[in-house]
Amino acid sequence: MKLLKSKLLIALAVVFMLTLPLAASAQLVITGVFDGPMTGGLPKGVELFALSDIADLSVYGLGSANNGGGTDGEEFTFPADATTAGSFIYVVTGTAEFNTFFGIVADYDGGSATNINGDDAMELFHNGVVSDIFGDINTDGTGEPWDHLDGWAYRASNTGPDGDVFDLANWTFSGVNGLEGGTDNATADSPMPIGSYTNDTVSSDAMTFDGIKSLYR
Ligand SMILES: [Ca+2]
Ligand SMILES: [Ca+2]
Ligand SMILES: [Ca+2]
Ligand SMILES: [Ca+2]
């Protein structure tokens, strides 16, 4: 019994150590980028997904690199809010239009950070360092494979964050004008698969230190 207990403690220690670097790394992922078709080109914005509980979002921020002009740095910094693993966060320009078009209440007004129109790249910052990216900050997206004018781009499940190197293979696209043709996302020519990203690392409680601990209580 005693031997079993010490083996268990060693196993728990190993699991705990394995989770340590994870806690220090970026736990937010950019999972969607969109440029809506309503008046004024609204709504525009990004969807983010939390890979773990985040006690203080203010270590994260967003910036849009517009028209291939290179980084704009952090144009939006999250307030000191908390979020839970598996949550989606919507940072948008046109909060009312976002609600009308997608039927979801936006979390934050992104200001200039989310003033994008299909040819712009998006940087996610963690402690001031780029931790995830959509698009090439030095290339105008018009005519590029990631062009999503009046449309959307969506991340493949179980991918990301990608650091500061855009990985086109991790994304799917509506094509130009994909969000046109209707009155909202559901009736658009190519509805955005909003809120559909999943990541296996957050799907099982048993994979966390607390989850494993609870098994032996
Ligand atoms: Ca537009
Ligand atoms: Ca910008
Ligand atoms: Ca632009
Ligand atoms: Ca159009």
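This is a predicted model: local features need pLDDT of at least 70, side-chain atom pairs count only at pLDDT 80 or more; totals for chains, interfaces and linings use all residues.

Before the helix, a term: by helix I mean a DSSP run of H or I with at least four residues, and helices are numbered from the N terminus. With that in place, α2 is followed by Gly103, whose phi is positive, near 70°.

Now the overall layout. The protein chain has three helices and 10 strands. Along the sequence, the pattern reads α-β-β-β-β-β-α-β-β-β-β-β-α. The chain has 217 residues, and 38% of them count as buried. Among contacts with a separation of 6 or more, 62% are between residues 24 or more positions apart.

Back to α2, then. Which of its residues are buried? They are Glu97, Phe98, Phe101 and Phe102. Looking down the axis of α2, these buried residues fall within an arc of 105°, so they line one face of the helix. What lies over them? The cover on the buried residues of α2 includes β1, β2 and β5.

Next, the sheet. Four strands make an open sheet, in the order β4-β3-β7-β8, and the pairing is antiparallel. Its edge strands are β4, residues 76-77, and β8, each of which pairs on one side only. As a reminder, strands of a sheet pair through backbone hydrogen bonds, either parallel or antiparallel. Between β7 and β8 there are five bridges, in the antiparallel sense. Across that pair, Met122 stands opposite Phe134 in β8.

Those two residues come up again in the core. The largest nonpolar core has 44 residues, and Met122 and Phe134 are among those with the most contacts inside it, together with Ile30, Val33, Leu48 and Val91. The elements that give two or more residues to this core are β1 (28-38), β2 (42-50), β3 (60-65), β5 (88-93), α2 (95-102), β7 (121-126), β8 (129-134) and β9 (152-155). Which element gives the most? That is β1, with five residues.

What is Ile30 in contact with, leaving aside its neighbours within four places in sequence? The list is Val46, Leu48, Met122, Leu124, Asp132, Phe134, Arg155 and Gly160. So much for Ile30; Leu48, Met122 and Phe134 from that list are also among the residues with the most contacts inside the core.

That is what I have. Questions, please.

How values were computed
Residues are numbered from 1 along each chain as its sequence is written. Chains are lettered from A and ligands numbered from 1 in the order in which they are written. A nonpolar core is a set of buried Ala, Val, Leu, Ile, Met, Phe, Trp, Tyr and Cys residues joined through C-beta atoms within 7 Å. A residue is buried if 20 or more other C-beta atoms lie within 10 Å of its own, exposed if 12 or fewer, and partly exposed in between; C-beta atoms are placed from the backbone. Two residues are in contact if their C-beta atoms, placed from the backbone, lie within 7 Å. Two strands pair if DSSP finds at least two bridges between them. The arc is that of the directions from the helix axis to the C-beta atoms.
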